[in-house]
Amino acid sequence: MADTPIDSELKSEYIRVNLTLPDELDRVLQEFGNDARAAGGYKLPKTMIMRALVRLLMTLDVDPSGVKTEEELLERIMQATKKR
């Protein structure tokens with residue numbers, strides 16, 4: 001698959017990270033990427049979507065202290081996005 005102009009410049013600076021997702025979340029990423037192409041853009045690779053989400057997390061004031069579950073973390077992230 002050819003690189004898209006959006007993410008081809010800095011690949012030498014990337015590291016590989018293993019990420020496990022349930023099928024439902026993988027489908028969400030796949031469909032989101034496909035929706036971009038259907039709207040006249042490029043198909044967004046799942047890796048690009050995840051990088052953008054991590055960069056969003058970096059801009060939020062999320063307090064991870066004491067978090068014990070994924071649901072708890074999601075709630076903290078949602079609260080931080082509402083404060084923006």
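Leaving aside its neighbours within four places in sequence, with which residues is Phe32 in contact? Phe32 is in contact with Leu44 and Ile49, where contact means heavy atoms within 4.5 Å. The model examined here is predicted: local features need pLDDT of at least 70, side-chain atom pairs count only at pLDDT 80 or more, and totals for chains, interfaces and linings use all residues. Residues are numbered from 1 along each chain as its sequence is written, and side-chain values use heavy atoms, with hydrogens and water left out.

The chain has 3 helices and 0 strands. Helices (H or I, at least four residues) and strands (E, at least two) are DSSP runs, numbered from the N terminus. The order of elements from the N terminus is α-α-α. Of the 84 residues in the chain, 13% are buried. Buried means under 20% relative accessible area, exposed means over 50%, and partly exposed lies in between (1.4 Å probe, protein chains only). The chain exposes about 7200 Å². Carbon and sulfur atoms supply 56% of that area. Accessible areas come from the Shrake-Rupley method with a 1.4 Å probe; for residues, only the protein chains shown count as cover. Among contacts between residues at least 6 apart in sequence, 31% join residues at least 24 apart.

Helix α1 spans residues 23-38. It has 16 residues and reaches 22 Å from its first C-alpha to its last. This is close to the 22 Å expected at 1.5 Å a residue, the expected span being 1.5 Å times one less than the number of residues. Gly40 follows α1 and has a positive phi, near 100°. In the segment before α1 lies Leu21. Leu21 has a relative accessible area of 33% and is therefore partly exposed. Together with Leu19 and Leu25, Leu21 makes a nonpolar surface patch of about 240 Å². Patches are made of residues with over 30% relative accessible area and no salt bridge; like charges are joined within 9 Å, and nonpolar side chains (Val, Leu, Ile, Met, Phe, Trp, Tyr) within 5 Å.

Phe32 lies in helix α1. Its relative accessible area is 49%, so Phe32 counts as partly exposed. Phe32 and Leu44 are 12 residues apart in sequence. Their C-alpha atoms are 7.6 Å apart in space. Ile49 is buried because its relative accessible area is 8%. Residues up to four places away in sequence not counted, Ile49 touches Leu29, Phe32, Gly33 and Leu44. Gly33 is 16 residues from Ile49 along the chain. The C-alpha atoms of Ile49 and Gly33 are separated by 7.7 Å.

The structure holds 2 salt bridges. A salt bridge is a side-chain nitrogen of Lys or Arg within 4 Å of a carboxyl oxygen of Asp or Glu. Side chains of opposite charge can pair when their charged atoms come close. Lys46 is partly exposed because its relative accessibility is 30%. Asp26, with a relative accessible area of 29%, is partly exposed.

A salt bridge also forms between the side chains of Arg76 and Glu72 (3.9 Å, N to O). Both residues lie in helix α3 (residues 70-83). Arg76 and Glu72 are 4 residues apart, about one turn of the helix. An α-helix has 3.6 residues a turn, so residues three or four places apart point the same way. Arg76 has a relative accessible area of 23% and is partly exposed. Glu72 counts as partly exposed at 29% relative accessibility.

Arg76 is also among the contacts of Val62. Val62 lies in the loop between α2 and α3. Its relative accessibility is 18%, so Val62 counts as buried. Leaving aside neighbours within four places in sequence, Val62 is in contact with Leu57, Leu73, Arg76, Ile77 and Ala80. Val62 and Leu73 are 11 residues apart in sequence. The C-alpha atoms of Val62 and Leu73 are 8.7 Å apart in space.
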